[in-house]
Amino acid sequence: MRTSLAVAAVMLAILSAPPAFTQDHLLGRDTAQARLAAAAAERRHELDAVDRLLATPEAAQAASSVGVDIASVRATVPSLSDAELADLSARAAALEADPVAGLDHDIKLLLEIFLIVAIVILVLRAID
């Protein structure tokens with residue numbers, strides 16, 4: 001008796017549920033393509049921001065002071081994950097917006113060295 005009552009309750013729940021239509025659950029093709037295009041544009045923007053910073057003479061000087069070839073760092077930046085790239089892009093934008101921020105040249109150089117070392121570490125992790 002309990003089993004048939006349980007089966008009846010399940011059947012009633014299934015039959016009384018509102019119908020689910022695919023258009024209610026799936027992402028439309030146009031929406032998906034728009035989101036993919038926006039993500040690609042955002043990644044391109046972030047790559048450009050990091051590359052602009054790495055193209056500066058200060059970055060080249062900072063990289064050479066720690067024995068890193070800036071060209072190889074710039075070549076491997078596209079292999080970073082989206083999260084790593086977003087983080088570095090935000091740091092690069094902050095450095096471009098206020099490069100000195102009241103700091104002297106030595107501290108600015110140390111910050112650039114830190115940023116380059118962080119990029120190198122992230123690239124090495126991405127490669128492994």
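Leaving out neighbours within four places in sequence, Leu 95 has contacts with Leu 53, Glu 112 and Leu 115. The model in which these contacts are found is a predicted one. Leu 95 belongs to helix 6, and its C-alpha atom is separated by 8.7 Å from that of Glu 112, a residue 17 places away along the chain. Leu 95 counts as buried because its relative accessibility is 14%, and the cut-off for a buried residue is under 20%.

A second residue of helix 6 can be described in like terms. Ser 89 is placed in helix 6. With neighbours within four places in sequence again set aside, Ser 89 is in contact with Glu 46, Ala 49 and Val 50. Ser 89 has a relative accessibility of 8% and therefore counts as buried. The table sets out the values for these two residues.

| Residue | Relative accessibility | State |
|---|---|---|
| Ser 89 | 8% | buried |
| Leu 95 | 14% | buried |

**Packing of helix 3 and helix 6**

Two packed helices are described by the angle between their axes and by the distance between those axes. Helix 3 comprises residues 29-54 and helix 6 comprises residues 82-97; the angle between them is about 50°, and their axes are 8 Å apart. Helix 3 is therefore oblique to helix 6. The two helices cross in a left-handed sense.

On the side of helix 3, the contact is formed by Arg 43, Glu 46, Leu 47, Ala 49, Val 50, Arg 52 and Leu 53. Helix 6 contributes Asp 82, Leu 85, Ala 86, Leu 88, Ser 89, Ala 92, Leu 95 and Glu 96. Sorted by class, the residues of this contact are nine nonpolar, one polar and five charged. Both residues of the table, Ser 89 and Leu 95, take part in the contact from helix 6.

**The protein as a whole**

The protein contains seven helices and zero strands. Read from the N terminus, its elements follow the order α-α-α-α-α-α-α. The protein has 128 residues, of which 23% count as buried. Of the contacts between residues at least 6 apart in sequence, 75% connect residues at least 24 apart.

Definitions and conventions
Residues are numbered from 1 along each chain as its sequence is written. This is a predicted model: local features need pLDDT of at least 70, side-chain atom pairs count only at pLDDT 80 or more; totals for chains, interfaces and linings use all residues. Side-chain values use heavy atoms; hydrogens and water are left out. Axes are lines fitted to C-alpha atoms, for helices over the stretch in contact, and angles run from 0 to 180 degrees between N-to-C directions. Helices (H or I, at least four residues) and strands (E, at least two) are DSSP runs, numbered from the N terminus. Angles under 35 degrees count as roughly parallel, over 145 as roughly antiparallel, 65 to 115 as roughly perpendicular and the rest as oblique. A crossing is left-handed if the near helix is turned anticlockwise from the far one by less than a right angle, and right-handed if clockwise. Contact means heavy atoms within 4.5 Å. Ala, Val, Leu, Ile, Met, Phe, Trp, Tyr, Cys and Pro count as nonpolar, Asp, Glu, Lys and Arg as charged, and the others, Gly among them, as polar. Buried means under 20% relative accessible area, exposed over 50%, partly exposed in between (1.4 Å probe, protein chains only).
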